[in-house]
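The sequence and the coordinates are shown first.

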Amino acid sequence: MRKFLIINYLLIAFWLIAGMVSCNAQSVNMQFRYFEEGSPLNGNAVYVTCQDADGYLWFGTYKGLYRYDGYTFKSFQDENGELKKLSQGPVEKIIIDHKNCIWAVVNGVGLICLDIKSDKVMKEILINDLNLQYGINIQMTCAAEDNDKNIWISTRFGGIFKWQRRTDRLFRYQVPDSAGRAFNNMFEYVKSDQSGTIWFGSTNKGLYCFNKNDDKIERIPLNCFHDAPIIDIEQYNRYLFTVDKTSIVKFDIQTKNYTFLIRTKKDSTLFGCASLFLDSDSLLWVATEKKGLFLFNEKDQKWSDYTFD
């Protein structure tokens with residue numbers, strides 16, 4: 001289990017205080033609410049949070065998927081039939097598609113699509129099926145929807161998959177080297193940007209993007225993207241922010257230039273970047289393993305840090 005994901009428990013507060021943070025980040029007086037004993041989140045590792053179009057909060061946890069309506073939690077732990085897959089492993093990533101359906105990456109199970117109005121499973125892409133088909137041992141890591149409504153899936157050991165919605169077909173992409181041999185099937189993250197470009201953070205080879213004209217995935221050959229896993233990607237206008245354990249890179253999509261917002265020694269344990277969150281005011285929140293929360297204001301290029309008792 002990736003220990004740094006536990007830090008996302010703190011990110012629950014982002015959704016509870018959305019819209020309350022001013023652009024003057026250093027004067028923020030934040031109020032955090034903790035869920036006490038009796039809550040299914042108490043004593044549970046929360047890996048990811050998101051909010052759907054109806055305002056419900058969704059939590060991916062070690063014990064499965066939960067929905068919060070502002071008053072009570074709905075658990076999918078005790079469900080039978082198709083829904084039981086949502087509690088058969090930790091839910092490590094959640095996305096919401098254009099139909100306001102939940103797609104949950106369930107560790108060891110696969111990608112499950114849930115219609116939130118009917119609580120019915122609409123689509124399953126199961127790891128066991130992929131392992132049998134390709135003769136490999138796949139670990140799903142992330143998912144994203146592109147402008148054509150297709151779902152992209154990043155994996156370790158299996159490369160990249162695309163579920164084409166209009167044909168209900170699954171396509172596999174592997175990244176070849178110059179000699180045509182597949183060499184990098186290890187990916188941690190996938191992100192669809194505002195222009196529709198699909199970006200991939202690899203486990204050990206940096207940043208990649210999908211070339212739609214050539215129908216292939218290409219590596220961004222920059223030294224700033226080294227051999228550390230890219231574990232999160234956010235976008236602000238023409239810039240991508242990528243994070244690994246030791247650095248945050250600001251990458252200009254148009255010019256291909258980059259700057260380091262944070263850079264520590266490769267073996268440093270003092271910072272331990274864990275995840276990013278870009279809020280509605282375009283403030284970049286950084287969760288870390290060792291130093292709590294940091295806030296970067298792109299407009300005035302200032303950092304603020306927060307600690308918790």
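In which sense do strand E21 and E22 pair, and over how many bridges? Strand E21 (residues 247-252) pairs with E22 in the antiparallel sense, over five bridges. Two strands are taken to pair if DSSP finds at least two bridges between them.

**Basis of the description**

The model is predicted: local features need pLDDT of at least 70, side-chain atom pairs count only at pLDDT 80 or more, and totals for chains, interfaces and linings use all residues. Residues are numbered from 1 along each chain as its sequence is written, and side-chain values use heavy atoms, with hydrogens and water left out.

**Overall composition**

The protein contains two helices and 26 strands. Helices (H or I, at least four residues) and strands (E, at least two) are DSSP runs, numbered from the N terminus. Of its 309 residues, 55% count as buried; buried means under 20% relative accessible area, exposed over 50% and partly exposed in between, with a 1.4 Å probe and protein chains only. The protein exposes about 14,900 Å², and carbon and sulfur atoms supply 45% of this area. The areas come from the Shrake-Rupley method with a 1.4 Å probe; for residues, only the protein chains shown count as cover. Among contacts between residues at least 6 apart in sequence, 41% join residues at least 24 apart, where contact means heavy atoms within 4.5 Å.

**Two open sheets**

Strands of a sheet pair through backbone hydrogen bonds, either parallel or antiparallel. Four strands form an open sheet in the order E1-E2-E3-E4, with antiparallel pairing. Its edge strands, each pairing on one side only, are strand E1 (46-51) and strand E4 (73-75). The twist averages 20° from one strand to the next; axes are lines fitted to C-alpha atoms, for helices over the stretch in contact, and angles run from 0 to 180 degrees between N-to-C directions. Within this sheet, strand E3 (residues 64-68) and E4 run antiparallel and are joined by three bridges. Tyr68 has Phe73 in E4 as its bridge partner.

Another open sheet has four strands in the order E19-E20-E21-E22, and its pairing is antiparallel. Strand E19 (232-236) and strand E22 (258-263) form its edges, each pairing on one side only. Here the twist averages 20° from one strand to the next. Ser247 has Arg263 in E22 as its bridge partner.

Leu207 lies in strand E17 (residues 207-211). Leu207 is buried, with a relative accessible area of 0%. Leu207 and Ile233 are 26 residues apart in sequence, and their C-alpha atoms are 9.9 Å apart in space.

**Strand E10 and its two partners**

Six of the six residues of strand E10 (residues 151-156) are buried, so this strand is largely enclosed by the rest of the structure. Ile151, Ile153 and Thr155 point one way from E10, while Trp152, Ser154 and Arg156 point the other way.

Asn150 lies in the loop between E9 and E10. At 7% relative accessibility, Asn150 counts as buried. The side chain of Asn150 reaches the backbone nitrogen of Arg165 at 3.2 Å. Leaving aside neighbours within four places in sequence, Asn150 is in contact with Ala144, Glu145, Lys162, Trp163, Gln164 and Arg165.

**Helix H2**

The buried residues of helix H2 (residues 127-134) are Ile127, Leu130 and Asn131. They cover an arc of only 100° around the axis, which puts them on the same side of H2; the arc is that of the directions from the helix axis to the C-beta atoms. The buried residues of H2 pack against strand E7 (110-115), strand E8 (120-126), strand E9 (139-145), strand E11 (160-164) and strand E12 (169-173). The face of H2 turned away from its buried side carries the exposed residues Asn128, Leu132 and Gln133. Gly135 follows H2 and has a positive phi, near 65°.

Methods:
Polar contact = N/O pair within 3.5 Å; in protein donor to acceptor, adjacent residues only side chain to side chain.
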